[in-house]
2 protein chains.
Amino acid sequence: MAVGDNRLDWFPIDGIELNTLAAGIRYQNRDDLLLFRCAPETLIAGLWTRNHFPAAPVILARAHQAKGGARYLLINSGNANAATGDAGLQDALSCCQAVADVEQVDVSMVLPFSTGVIGERLPVGRFQLAAEDLIAGLGTKTWLDAASAIMTTDTRQKVACREVSLGARRIRLTGIAKGAGMIQPNMATMLCFIGCDAKVQQETLQDMLRAATDLSLNRITVDSDTSTNDAVVLMATGRSEVDLDQDLKAQAEFQDALTDLMLELAHGLVRDGEGATKFVTVEVAGAATDAQALEIAYSVANSPLMKTALFASDANWGRLAMAMGKVATPFDAAKVDLFIGDVCLMRGGIKNPAYQEDDGARVMAAEEILLHINLNAGDCSETVWTSDLSHDYIKINAEYRT
Amino acid sequence: MAVGDNRLDWFPIDGIELNTLAAGIRYQNRDDLLLFRCAPETLIAGLWTRNHFPAAPVILARAHQAKGGARYLLINSGNANAATGDAGLQDALSCCQAVADVEQVDVSMVLPFSTGVIGERLPVGRFQLAAEDLIAGLGTKTWLDAASAIMTTDTRQKVACREVSLGARRIRLTGIAKGAGMIQPNMATMLCFIGCDAKVQQETLQDMLRAATDLSLNRITVDSDTSTNDAVVLMATGRSEVDLDQDLKAQAEFQDALTDLMLELAHGLVRDGEGATKFVTVEVAGAATDAQALEIAYSVANSPLMKTALFASDANWGRLAMAMGKVATPFDAAKVDLFIGDVCLMRGGIKNPAYQEDDGARVMAAEEILLHINLNAGDCSETVWTSDLSHDYIKINAEYRT
């Protein structure tokens, strides 16, 4: 199941070639291997999972990226190469080496990424067999093909593009992401790759990625579970004429475009959340601090009782109050206003006298639902996006071996 | 659905009378009102929800209990009288007054408790109509009847008894509890009432209740949701000959019996967890601090992916590693050992080479499952109990208006 729109516009990024193929890592009859090759001057920024069991590819990709000079991203679906210890690290390195050998470059120029089942050894031989064809076909596939190759329990591709126009000059961005379960990124989502032709310093690139991630991928939750393999990577080929470090207006516009693109991908992950039938925006306003707003937003977004009420299209504001109230940081319940869409359910901590069940039923029937909470205690606000908890979430996760 | 045994032994407590009846508060053809009357010398200790939307009865019962001298507990199911503001407080007070009027006592001697739908006004008239019969019938019903009257989505009664023998003398305890969803008590469970004939000072009684709660009701989770109405109450009639403040050996034995009784009730809540098909013990050992052990135990016990794997009887140690790893406090993944029952799945952070899928399948097939995690980093340990996440949890909570 999946909620809402599914736009598949995309355009290529000057300086980035890609290819996908079916290496038979786990799935039959579908591509499961993806390679990006970036032009030599490309800079790469990355953010990685904070899970204390980081997967082998995360450890290696982080180390290779930190060295600078990386130009290849090698990504497989079907096997996460997580909780595989030193052997898993060696496997990831061998896969990178297979690409490096064909291209005759140092292995540290290849960043590995994996998603799929945890705890199984990677079939390194399949990577080695595939390496030559994978490289030979670079430039023959699209970002949409790339988005397909990295899917696991996803039901559809997540692709997004933006163009920043500055008079006659422009910067282009295209990104893909995957992930449908084990989604409460705490740094990045499961996997997200963005290419752009921006000209920019490494440090600026990393800062812009961090800022955009904190407003997008770090604000979504499907099931409160943080993956071992989360990674988001931003490649900047420098082919655009605009130098973002020289032109701060352009930098600001690029930052907006990047955030906007990543929000589209993040929302795509939620819409394709495992078993999702609703796309839910949780807004908390009037908080004393940003941290308080975020704590309450996540408490609501992750509450199993709230999520089953959303699945049932039940305007159950009692569960909404409960889910807010269970946080650690105190607030004054007698000041709280609650809205679902444009309907006020609770005013000053008690049921709005004007509230009608029919109005609640009307706004809850929609596929897209806005929960708005006002603490009336300060000026801070935060927004988090989530999905509902349905029979299909149980079905998918009782039958699928992550 | 419900897991495991369902013992219904109980014995009366000298100095405590009770009655139940069908007041028609919400349910048809079943008792939904319960009254305890304690002998004049009875002391009452209480613990209350930390949810920031405490229900009206919680606010009032806490205030009445703090005054000292309370002798009546008036409990209804079907309506939680939560998020009802000042009107809800007045309603709870009026219900207490109805009992106080018949008994010609001060209203502060009555403690109110409610469980059921949040956000609806209490039908005070039904309490007023029922008060006289409720009191007239005191002594005609049993603790088992009491356990039945407070059920909501519970599928069975939770009753437990203990007897502390000290030579020819003895102390008896009987307790009941209710709750099947919205269960991660952060102070106490939804509702739990324990009577005993112990002779003890108020402060000692409160301390013993706190200590026992922290090892029982504060160590369980069904769905991570903390109710607005959680309350646990311990009544001590003083009819036993043993003075617990004079006899420290007896006090220690009583503390053990109380903890043991509350563990049985707490386990009963988990076994009767909404949609539960498994009873799961999560043990974390070798932690640097108790807080770290507890953080990891709850992270595993509340992970939707881990809970669906338990439902599927899938020995999915990858999800177990993920669920541990997503906590905030760091640990060394390379030292972690994981067991399900007697089967070692992970040793030193990677898959145990000797592990066979058949062994995992065998231990996961059981209704009672032990997850044991050793961080090998210290001497601290904690245990938490939980249930799995099944289709029936979704069904119950999509159809039931809390």
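This is a predicted model: local features need pLDDT of at least 70, side-chain atom pairs count only at pLDDT 80 or more; totals for chains, interfaces and linings use all residues.
Let's start inside. The largest nonpolar core takes in 263 residues. Those with the most contacts inside this core are Y72 and V300, in chain A as well as in chain B. Take Y72(B) as an example: leaving aside residues up to four places away in sequence, Y72(B) touches L35(B), F36(B) and R37(B), along with V99(B), M109(B), V110(B) and L111(B).

Next, have a look at strand β7 of chain A, which covers residues 169–178. Eight of its 10 residues are buried, so β7(A) is largely enclosed by the rest of the structure. Strand β7(A) pairs with β6(A), residues 158–166, in the antiparallel sense, and β7(A) also runs antiparallel to β8(A), residues 191–196. The strands β6(A) and β7(A) make a hairpin, with two residues between them. In that turn sits G167(A), whose phi is positive, at about 65 degrees.

Further along chain A there's an open sheet of seven strands with mixed pairing. Going across, the order is β9-β16-β11-β15-β12-β13-β14. At the edges you'll find β9 (220–221) and β14 (350–351) of chain A, each pairing on one side only. Within the sheet, β12(A), residues 337–340, and β13(A), residues 343–347, are antiparallel partners. Helix α10 of chain A, residues 357–364, lies across β12, β13 and β15 (368–374) of chain A. This helix runs at about 120 degrees to β13(A).

| Strand pair | Bridges | Opposite residues |
|---|---|---|
| β6(A) and β7(A) | nine bridges | V164(A) and I171(A) |
| β7(A) and β8(A) | six bridges | L173(A) and C196(A) |
| β12(A) and β13(A) | three bridges | I340(A) and V343(A) |

Finally, how do the chains meet? On the chain B side, 51 residues are in contact with 51 residues of chain A. Four elements of chain B each supply at least two residues of the side that touches chain A: α8 (304–311), α9 (317–325), β14 (350–351) and α11 (391–399). The largest share of that side, eight residues, comes from α9(B). And what is the side of chain B that touches chain A made of, by class? It has 23 nonpolar, 20 polar and eight charged residues.

Key. Residues are numbered from 1 along each chain as its sequence is written. Chains are lettered from A and ligands numbered from 1 in the order in which they are written. A nonpolar core is a set of buried Ala, Val, Leu, Ile, Met, Phe, Trp, Tyr and Cys residues joined through C-beta atoms within 7 Å. A residue is buried if 20 or more other C-beta atoms lie within 10 Å of its own, exposed if 12 or fewer, and partly exposed in between; C-beta atoms are placed from the backbone. Two residues are in contact if their C-beta atoms, placed from the backbone, lie within 7 Å. Two strands pair if DSSP finds at least two bridges between them. Ala, Val, Leu, Ile, Met, Phe, Trp, Tyr, Cys and Pro count as nonpolar, Asp, Glu, Lys and Arg as charged, and the others, Gly among them, as polar. Axes are lines fitted to C-alpha atoms, for helices over the stretch in contact, and angles run from 0 to 180 degrees between N-to-C directions.
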